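Me: I would like to learn how to read a few features of a protein model. Could we take them one at a time?

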Amino acid sequence: MVLCVTQITSWGVLYYAFPVLAPAIAADTGWPVATITAAFSLGLVVAALLGIPAGRWLDRFGPRPVMTIGSLLAVPATLGIALAGSLPVFFAAWTLAGIAMAGVLYPPAFAALTRWWGPRRVVALTALTLLAGLSSTIFAPLTAALLEHGGWRDTYLTLAVILAVVTIPAHLFGLRGRWPEQVPHTEPGRPGESGGRAPRQIMRSRPFVLLVVANGLATFTAFAVVVNQVPLLLERGLTTTVAAWALGLGGLGQVLGRLGYGRLAAATGVRGRAVIIAGLSAAATALLAVLPGPAAVLIGAAMLAGAARGVFTLLQATAISDRWGATHYGRLNGLLTAPAMLATALAPWAGAAVAEAVGGYPLLFVLLALVGAAAAAVMAGTGVAPARR
């Protein structure tokens, strides 16, 4: 429950508040929206790069010091964003926010639950992502309400206080469980056992390299779809309000998709469900690309895309432990998620740039569907043979 609360708060303040406040920041400061978004993307890039050493620290020291330090850094970062009087200070504040994000967002939380829960990790990870999925539902309206009663600077100041009050004591006092040195293997004779393989040996293996590539491609597709979905629907003739509702209902689809992940995991193998989920994401993207309407059908496609995105989050969380066990999860997952975080950072402006270059958002979504299909094809090569006892 501690991690559920801190994930909702950390994602809400450090990620979901920005899209709501960006127009107000631009209007008040005169800084271009593209430049403001570049600062936000810089924070995500920093988080991606630091995710690799953060994973090593998690394996060695556990989540309590890493996530507590992340929380301590997140507060001055948010204050710096709020008080920035120039673009260099604004960029510096988002750089510090990126350092904080490496310690407080999903990767360290996934590592903690994977090590603590062992074979029952899917239950814990599903519960965490279901509740953390409500972060945008809670903080987007809260941020908008705070903005209505004050400027964007006062809003970020208030959010910094919320971040300090909720996350620092929760991580410091709520993550005191013993950090296991080793984790029992999942099931005898099945993938998911490292078989005593060293992390460097796993990193250089063909399945791991292909998994990194496929994860990066699929993540780019998923986040480019999220960011560019509203402009696509506007081109299809929907109003801004209806397009926003479609995006919001996609979040509901995300939650519903995660509810079904346990059954999917029980019915499929590691490689099979990776291909299925990546393929589902590509198919939903293709539907959005080719469907001209009506609005209800487009909303249904948006929910399907959300469902694929929801189960993909859990696929990412279990990709390492299902193949190689949980002993070196933090280090290996840091390497896995770093390219994905870079893809997340690039997706907002890359999607818009490609749409402008090719003449519209429908063709962009066709290209994104092809990238998603490529991710599914690469996922087919990520199987791991059962380790020998």
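Reply: Start with the naming: helices are DSSP runs of H or I with at least four residues, numbered from the N terminus. Val358, for instance, lies in helix H15. Keep in mind that this is a predicted model.

Me: Which residues make the nonpolar surface patch?

Reply: Val354, Val358, Leu363, Val366, Leu367 and Leu370 make a patch of about 420 Å². Helix H15 (329–358) and helix H16 (361–379) each give two or more residues to this patch. The largest share, 4 residues, comes from H16.

Me: How do I describe two packed helices, and at what angle do the axes of H3 and H8 cross?

Reply: Two packed helices are described by the angle between their axes and the distance between the axes. Here the axes of helix H3 (residues 63–83) and helix H8 (residues 152–174) cross at roughly 170° and come within 8 Å. Angles over 145 degrees count as roughly antiparallel, so H3 is roughly antiparallel to H8.

Me: Which residues of H3 and H8 meet?

Reply: Among them are Met67, Leu72 and Val75 in H3, and Tyr156, Leu163 and Ile168 in H8. By class, the contact of H3 with H8 has 16 nonpolar, 5 polar and 2 charged residues.

Me: How many salt bridges does a search of the whole structure find?

Reply: Side chains of opposite charge can pair when their charged atoms come close. The search of the whole structure finds 1 salt bridge. Asp322 forms a salt bridge with Arg273, and their closest N and O atoms are 2.8 Å apart. This pair links distant parts of the chain, with Asp322 in helix H14 (residues 295–324) and Arg273 in helix H13 (residues 270–290), 49 residues apart.

Methods: Residues are numbered from 1 along each chain as its sequence is written. This is a predicted model: local features need pLDDT of at least 70, side-chain atom pairs count only at pLDDT 80 or more; totals for chains, interfaces and linings use all residues. Side-chain values use heavy atoms; hydrogens and water are left out. Axes are lines fitted to C-alpha atoms, for helices over the stretch in contact, and angles run from 0 to 180 degrees between N-to-C directions. Angles under 35 degrees count as roughly parallel, over 145 as roughly antiparallel, 65 to 115 as roughly perpendicular and the rest as oblique. Contact means heavy atoms within 4.5 Å. Ala, Val, Leu, Ile, Met, Phe, Trp, Tyr, Cys and Pro count as nonpolar, Asp, Glu, Lys and Arg as charged, and the others, Gly among them, as polar. Patches are made of residues with over 30% relative accessible area and no salt bridge: like charges are joined within 9 Å, nonpolar side chains (Val, Leu, Ile, Met, Phe, Trp, Tyr) within 5 Å. Accessible areas come from the Shrake-Rupley method with a 1.4 Å probe; for residues, only the protein chains shown count as cover. A salt bridge is a side-chain nitrogen of Lys or Arg within 4 Å of a carboxyl oxygen of Asp or Glu.
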